[in-house]
Amino acid sequence: MRLIFKLLRQHVSIGQLMGFFLANLLGMLIVLLSVQFYQDIIPAFSGEDGIIKNTYMILSKRIAAVSALNGEAQTFTEADIRELEQQGFTRRVGTFTAAQYQVYASLYMGGVGMGTDMFFESVPDAFVDVKWPTVPEGEVPIVLPRSYLTLYNFGFAQTKNLPKLSEGVISMIQLDFRLRGEDGVEQQLKGRVVGFSTRLNTVLVPESFIRQSNAALAPHAMTEPTRLIVEVKNPADDAIAKYIQQHGYELEDNSLEAGRATYFLKIITAVVMAVGILISALSFYILMLSIFLLVQKNAEKLQNLILIGYSPARTSLPYQLLTIGLNALVLLFSIILLFWTRHFYLEQLWQMFPTLSEGSTIPAILMGLALFLLVSLLNIFAIRHKINSLCNN
Amino acid sequence: MTTITLHHTLPRVFEQRTDIHSDVWLQDVTFERGHLYLIQAASGTGKSSLCSYLTGYRHDYRGDICFDGHNISTLQTADWTALRQRSLSHVFQELRLFPELTAWENVQIKNQLTSHKTEGDMVAWFKALGIADKRDVKLARMSFGQQQRVAIIRALCQPFDFLLADEPVSHLDHENCRIVGDIILEEARRQGAAVIVTSIGHHIDWPYDKCFEL
């Protein structure tokens, strides 16, 4: 084999091969970097250490002017809920159940009485971020949105010179409720605020209470939920944004932003990767031209080797090994450069997200290996094809 | 392989000619293993074309050429590779040696493929043909006559049933011509092979079984 190599290395152009090497190295590095950067940055959008940790989303149907005037129900049907439950991003779905009766709340404090109409809602207990305490018979626990307390303390109380209230103080206040249902059926209850929710923006009571009171006070009212609470696996999943968009649903907060950012990141990664692949493809073209030129210059030698009994496979081997060697060098150098570059950008990322965990390097390395195999196989077949054509003179 | 048969074979380039008077072209000719054949021809009568057809390098002919009854037009690249390694050896008129390699490397490149001869056998041939001192000289620096002897040694470094020698001694003196003749004949007899020699005048003095005018 030594003699074959000695013979066929004639006319090998170092300049052309260097050109291929640098171009392919650049292409491969861009592809690997885009994969690796995506891997490293994606935990910043999702996962436990991500900047977006809210895995609960509250969904409602968009209220359009026309449907509101028509009196069209903006409720979720059984089929809507079942479809949502079957989505890949959904962990579980809970429905908001509203009290189907009127609620009047009043309180007496220091001889002063206040009263207001209000409402009750519930969600399944597993979705509530406050644990329901056991309360005496005839009393109902209530969870208020934390934003209400903030609104009172820093908005209302501040301007009216009223005292600011802590959670502890509020939980000591005894409330009286009068519930009025169908046909004037009434029920008196005592109640107490047992906690504040950051997740749910409503006046919450336990689901079991709503079920019992609805049955007792409004047994004929049958309504579908207008709001759903959904626990998702990964709030950065861009499939959520697409699903919500397609179905005309609305979210209570901006928890879709993570999904949109991920989608944007995916597009950027795909574009950068496409540029890398394009450069790789062009460099592959340079290599093929270079090798074809080499084969053409050495055509007479190759023909002579074939005529004295060498097989096309054996005469192709030196050029195939040359290209595989070059491709392997490109892979090796691009992986080294990848780790070197990654070291720098990870430092920058850690300054922004100190708890960010490193992404896996396996996808980038697998991508590199896949490109190496693809390019090498194409080289092997193209060289063999070219040398076979010399046999059929 | 024991026979090579030509049935009404004619190079396509001669198709328009009406004055073909040949013992080979447009005839039924059979070459058998173990015999010596001489094909004499004037320049331009298709001598090298015949060798190219028999070694599968060119296919621009009409009629049929068969090896042991099988038409060679059906042979694939792999079949030709096997034939060139084990059944058909060829001393090319244009030698087809590698000028970048030394005389010894030119022979080695073939023997490494077939592992047919020992180093001692090859050294002995170099000595017998008077080119032992040129062993490590680049082929490009040798005369055509010396290169011709290297090509002959290379052709003998393989098993064969038929040896095609296209003007093998065109540039050799009488003495070297005799030595080449002895070496080829000895190797052919040892292998029980046939030798088909072409010549435009100056040829090895052998007891040929059949002579053809091309």
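Predicted model: local features only at pLDDT ≥ 70, side-chain atom pairs only at ≥ 80, totals over all residues.
Local features need pLDDT of at least 70, side-chain atom pairs count only at pLDDT 80 or more, and totals for chains, interfaces and linings use all residues. Residues are numbered from 1 along each chain as its sequence is written, chains are lettered from A and ligands numbered from 1 in the order in which they are written, and side-chain values use heavy atoms, with hydrogens and water left out.

Start with chain A. Chain A has 12 helices and 11 strands. Helices (H or I, at least four residues) and strands (E, at least two) are DSSP runs, numbered from the N terminus. Of its 393 residues, 44% count as buried. Buried means under 20% relative accessible area, exposed means over 50%, and partly exposed lies in between (1.4 Å probe, protein chains only). Chain A exposes about 20,600 Å², and carbon and sulfur atoms supply 62% of that. Accessible areas come from the Shrake-Rupley method with a 1.4 Å probe; for residues, only the protein chains shown count as cover.

How does the chain connect to itself? Take contacts (heavy atoms within 4.5 Å). Among those in chain A between residues at least 6 apart in sequence, 79% join residues at least 24 apart. A:Gly15 and A:Ser290 make another pair to look at. They are 275 residues apart along the chain, yet their C-alpha atoms are separated by 9.9 Å. A:Gly15 is found in helix α2 (residues 14-41) of chain A. A:Gly15 is exposed, at 54% relative accessible area.

Now look at the interface. Here 18 residues of chain B are in contact with 22 residues of chain A. The size of an interface is often given as the accessible area lost when the parts come together. Chains B and A bury about 2,100 Å² between them, 60% of it on carbon and sulfur atoms. Buried area is the accessible area (1.4 Å probe) that two parts lose on being put together, summed over both.

Which pairs cross the interface in polar contact? The rule finds eight residue pairs between chain B and chain A, both residues at pLDDT 80 or more. A polar contact is a pair of N or O atoms within 3.5 Å; within protein, one must be able to donate a hydrogen and the other to accept it, and residues adjacent in sequence count only if both atoms are side-chain atoms. On the side of chain B that touches chain A, the elements giving two or more residues are α2 (77-86) and α3 (103-114) of chain B. The largest share, six residues, comes from α3(B).

Next come the charges. Side chains of opposite charge can pair when their charged atoms come close. A salt bridge is a side-chain nitrogen of Lys or Arg within 4 Å of a carboxyl oxygen of Asp or Glu. The structure holds 27 salt bridges over all chains. Two of them lie between chain B and chain A. One joins the side chains of B:Glu105 and A:Lys6 (2.9 Å, N to O). In another, B:Glu100 pairs with A:Lys301, with the closest N and O atoms 2.3 Å apart. This pair runs from the loop between β6 (88-91) and α3 of chain B to helix α10 (residues 299-307) of chain A. B:Glu100 is buried because its relative accessibility is 17%. A:Lys301 is buried too, with a relative accessible area of 12%.

Other salt bridges stay within one chain. A:Arg178 bridges to A:Glu186, with the closest N and O atoms 4.0 Å apart. A:Arg178 is partly exposed, at 32%, and A:Glu186 is partly exposed, at 38%.

Go inside chain A next. Is A:Ser197 buried or exposed? A:Ser197 is buried, with a relative accessible area of 2%. Its place is in strand β9 (residues 186-197) of chain A. The side chain of A:Ser197 makes a polar contact with the side chain of A:Asp129 (2.8 Å). Beyond its neighbours within four places in sequence, the contacts of A:Ser197 include A:Val130, A:Val143 and A:Leu144.

Last, two loop residues. A:Asn161 has a positive phi of about 55 degrees although it is not a glycine. A:Asn161 sits in the loop between α5 (146-160) and α6 (167-172) of chain A. Its relative accessibility is 71%, so A:Asn161 counts as exposed. B:Asp68 has a positive phi of about 50 degrees, and it is not a glycine either. B:Asp68 lies in the loop between β4 (61-67) and β5 (70-71) of chain B. At 36%, B:Asp68 is partly exposed.
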